[in-house]
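Visitor: I've got a protein model to look at and could use a hand reading it. Shall we walk through it together?

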Amino acid sequence: CEVYDADGLYVPSETEHSPLIGFAYDGFPIYGAFGFKNSDGTGGIVRIQSSYQLRNISERNTYADGTAVDSGPDISDEYFLGYFREDYEFIDHPEEDYLDEHNGRFCITPEYPEGTYAYFATVNEDWTSAYPYVVGPTFYGVLENRSVTSVDEETIVYDGEEMGNAISDMEEVSINIFPNPSADLITIQLGQLIKETVNLKLINAEGQVLKTTKVNPGASLAYFNMQAFPSGIYFIEIQGADFRKTQKVILERD
C-alpha cells in the first residue's frame, strides 16, 4: 500500500487520539493510527503498532507456523516479500501499544471511556500502511456480513446531491501543504471535495519531476514521501483541467 490516505476523512496527528473512522463487520470500532500508549488511557499519545512482521524466507513452501503448503512463487522482483499475506508472521509483543493477531486490543478510547475492544488502522513510521492495515487475518468478534441502512447517532450524510456540489472551480479551492518545512512526509490537502482529478508533481530545484500522484474526484488528500531526497528546496505543482499552481516546500533534516 502507498502512504496512508484517509481521502479527506482526517489527517493523522501524532499529538491526539485518532478519531473513530468506522466499525468492523463484527461490530467493534476502528480507529486511525494513534491512540493512548497504555490500554488504561495513560502513557500519552503514540503510534499504535502492528505485531506482524515480514518472514525471513526466500521460498514460499510453508506457513509462518511451519506447516507445509503447496509452494507459491519464489521471492522475486515481481513477487516481492510482502506480496502475499502469508509472507507475514505474528510476533507477540508485551508492550501495550502493539496489537494482537486481529490487529486490535482492549483499551480506553475517547468514545469508550469504560473501554472496548478496538481495531486500529496501522501505519509505519513514515505513515505508509502496515500489514494487516485494519482488521487482521481473522476477526476478534463474530462476523456479521451486514449493511447499515440507518444510524441513530448524529452524523454527516453525503448523498449523490451533496457530492454533486463538490467544487469544480479550482481557483476557489484552498490548498494547504504541511508540514513546511518538512523532514520526511509532505501532505497536500485541498480545502474542499473536488469534481475533477487533480494531478500533483514533486519537482526539484533543477526542474526535474521526481514523483507524481493525484487527488481523485470526491477526495481531498495526497502525500509525497520525501525520505529518499536530500535537504533543499522543492516545488509541488498542482494541476487540474484548467488550473495550475506551484508552491515551494523546504525539506530540512538535522
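Visitor: Is tyrosine 140 buried, partly exposed or exposed?
Guide: Keep in mind that this is a predicted model. Buried needs under 20% relative accessible area, and exposed needs over 50%. Tyrosine 140 has 36%, so it counts as partly exposed.

Visitor: And why is the pair of tyrosine 117 and tyrosine 140 called stacked or edge-to-face?
Guide: Look at the two rings: their centres are 4.0 Å apart and their planes sit at 10°. Planes under 30 degrees apart count as stacked, while over 60 means edge-to-face. With its 10°, the pair of tyrosine 117 and tyrosine 140 is therefore stacked.

Visitor: How many residues apart in sequence are the parts this pair ties together?
Guide: Tyrosine 117 belongs to strand 8, whereas tyrosine 140 is in the loop between strand 8 and helix 1. That makes the pair a tie between parts whose separation in sequence is 23 residues.

Visitor: What about tyrosine 117, buried or exposed?
Guide: The cut-off for buried is under 20%. Tyrosine 117 comes in at 1% relative accessibility, so it is buried.

Visitor: Which residues do ring pairs link into a cluster?
Guide: Tyr117 and Tyr140 are two of the members.

Conventions:
Residues numbered from 1 in each chain as written. Predicted model: local features only at pLDDT ≥ 70, side-chain atom pairs only at ≥ 80, totals over all residues. Heavy atoms only, no water. Buried < 20%, exposed > 50% of the residue type's maximum accessible area, 1.4 Å probe, protein only. Phe/Tyr/Trp six-rings, centres within 6.5 Å; stacked < 30°, edge-to-face > 60°. Helix = DSSP H or I, 4+ residues; strand = E, 2+ residues; numbered from the N terminus.
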